[in-house]
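Here are my notes on the model you sent. Please read them with the structure open beside you.

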Amino acid sequence: MTKVGPTRHSLTKTVAVSGADVGAVLDGARLPAPPYSLQAPEIVPDAPGPGLLSIRFPDAWLGTSAARDEVYGHLADVLTALAASAHTRRATLHAPGVQLDADDPRPPLAGDPHAIRTVDDAEQEVLVNLLRRHSPTLIALTGRVRIGGPADRVGSRRLLESREHLATRYLAAPGARYLEHYRGELRRREGISDLLRMDVAPVAAQPDAPAAVVIRCIDAQVSLTDLRAQALLLDALALKARRMAAKGLRETAVPQRVIDTNRTRAVAEGLRAQFVTPGRQGADAGENTDTSARLAGRRLLRELVPELALLEATALELLPLLAALELPDLGLRPLRTQDLLGRRGGRHPVRLRDQAEAELCDPRLGGALREALRETSPGRLELLLANWDGFLAEGAVPTDLPAEDNRPRRADRGNRHGRSSQGGQGADRGGRPDRGGQSDRGGQRNRQGGRPGGANGRGTGGNTNGNTDNDHNSGGNRGAERHGNANGGNRGSGRPDRQQQRPRPGRPADRADRRES
């Protein structure tokens, strides 16, 4: 029996140093010795930019919970040693993008790149295209903004400002020979000379290194808890691609326009974005073809439950992802570690400095998210963890996900205040009745001969027999015409009732007056 298992994973953690030279901090650090089963990390100062430090674990094995504890425990020890060296120089070690002092210039942002090894070219092709399809969702889940300065509501400030990142193109065939042809075609058609500029890039096999897939769209996280959850998600995707390649399956080619559109929305709005559904483009495609980024993330996690169970994942290990995706269904706001850091630190430099360093060096599962939810909503936290522990114990794809997001979309927010985003609909897309249509203001206007119906387009105020379930005002209130609606409008014309307009002084009121004049 052959078991399809996980693969090697090279992960990189990027940190920043404020108040001292990065090289001096690295030289003065007493770095711990790595465990026997783990290679020594590669630490490069001033990479990928000035004031930054990259810590790379090459070809780490993250296939079991014990192996992940060992890797991230050693990474926490390395970060603690670097933080102690920074303290001796009155400096601070923290995540990139954290502005410790309001008077300081804007801190640089960076990413946490990942590289996943593949066993052959076919697996590389499937993994690249699978990650390409889910890259907008990954950006929405892992996007970061600057902390400590003005409020920022974009999804990923780094990708928004970057000119070195491009959306991934579809990889049609495997092999090093095709990669050369692929690179030349992209150079001629789109001006892309380096494949590593894409969010997900294939790397051909070398005599001393196997083929790999590089993921560059992951922003540098503020805590080890976030890094661990996101690396686990990537390992689950890699395991799914390995299973597909073993069965001879390939990933479908999603149109590039769909990838570009969803990526742009994810970078700009994060989990608040609306994604275009692949395969439903065209002039007849309406707003119902959009799917929220939050719903796309929930579907992705549920599709990967079999792979996550094989990786021995737990709900507490996935809490940074679950808190951003599942909490709204429990009546809570989405929560991420960067949100907690911004709230607790506020505009106090000392408090923000201590909190940023503590979050970065904390290897505990759940981290600050677990503590915050235990203080505010312990019951709902336990319910969330119990549900997902049950999913992972079964190892099958859950079927509890709704077909649509239950939160109103931006186009429907006007209905809350008595306005209709689409004149022919009486309820929002989530299936709930519009609050504006239940108010008495529209009915008062209707009884007085003014505007018809409520704010959501139903004739609630002027319908004399009380039949308001199916009497929409989209086509001139035809239903109200059958049931005796006394709105005072055009009964036989089928046109919507409109507010009576006063004739302008000095001008004829209608055509008959115009002929007489």
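**Notes on the predicted model**

1. The largest nonpolar core has 71 residues, and those with the most contacts inside it are Leu 131, Tyr 182, Leu 233, Leu 308, Leu 319 and Trp 388. Helix H6 (residues 224-246) supplies the largest share of this core, 10 residues. Please keep in mind that the model is predicted.

2. Which residues does Leu 131 touch, once its neighbours within four places in sequence are left aside? Leu 131 is then in contact with Leu 138, Val 200, Val 213, Ile 215, Leu 234 and Leu 237. Leu 131 is also one of the residues with the most contacts inside the largest core.

3. Now the protein as a whole. There are 17 helices and 9 strands. Of the 517 residues, 50% are buried. The protein exposes about 25,400 Å², and carbon and sulfur atoms supply 47% of that area. Take the contacts between residues at least 6 apart in sequence: 69% of them join residues at least 24 apart.

4. Why is helix H8 (residues 293-303) described as largely enclosed by the rest of the structure? The reason is that 9 of its 11 residues are buried, and here buried means under 20% relative accessible area. The buried residues of H8 are Ala 293, Arg 294, Leu 295, Ala 296, Gly 297, Arg 298, Leu 300, Leu 301 and Arg 302. Note that the list includes Arg 294, Arg 298 and Arg 302 as well as Leu 295, Leu 300 and Leu 301. As background, an α-helix has 3.6 residues a turn, so residues three or four places apart point the same way.

5. Strand S3 (residues 52-61) is mostly covered, with 7 of its 10 residues buried. Strand S1 (residues 8-18) pairs with S3 in the antiparallel sense over 8 bridges. Strand S2 (residues 42-45) also pairs with S3 in the antiparallel sense, over 4 bridges.

6. Where S2 and S3 form a hairpin, 6 residues lie between the strands. In this hairpin, Asp 46 takes a positive phi near 55 degrees.

Terms used
Residues numbered from 1 in each chain as written. Predicted model: local features only at pLDDT ≥ 70, side-chain atom pairs only at ≥ 80, totals over all residues. Heavy atoms only, no water. Buried < 20%, exposed > 50% of the residue type's maximum accessible area, 1.4 Å probe, protein only. Helix = DSSP H or I, 4+ residues; strand = E, 2+ residues; numbered from the N terminus. Contact = heavy atoms within 4.5 Å. Areas by Shrake-Rupley, 256 points an atom, 1.4 Å probe, with all protein chains shown as cover. Pairing = 2+ DSSP bridges. Core = buried A, V, L, I, M, F, W, Y, C linked by side-chain atoms within 4.5 Å.
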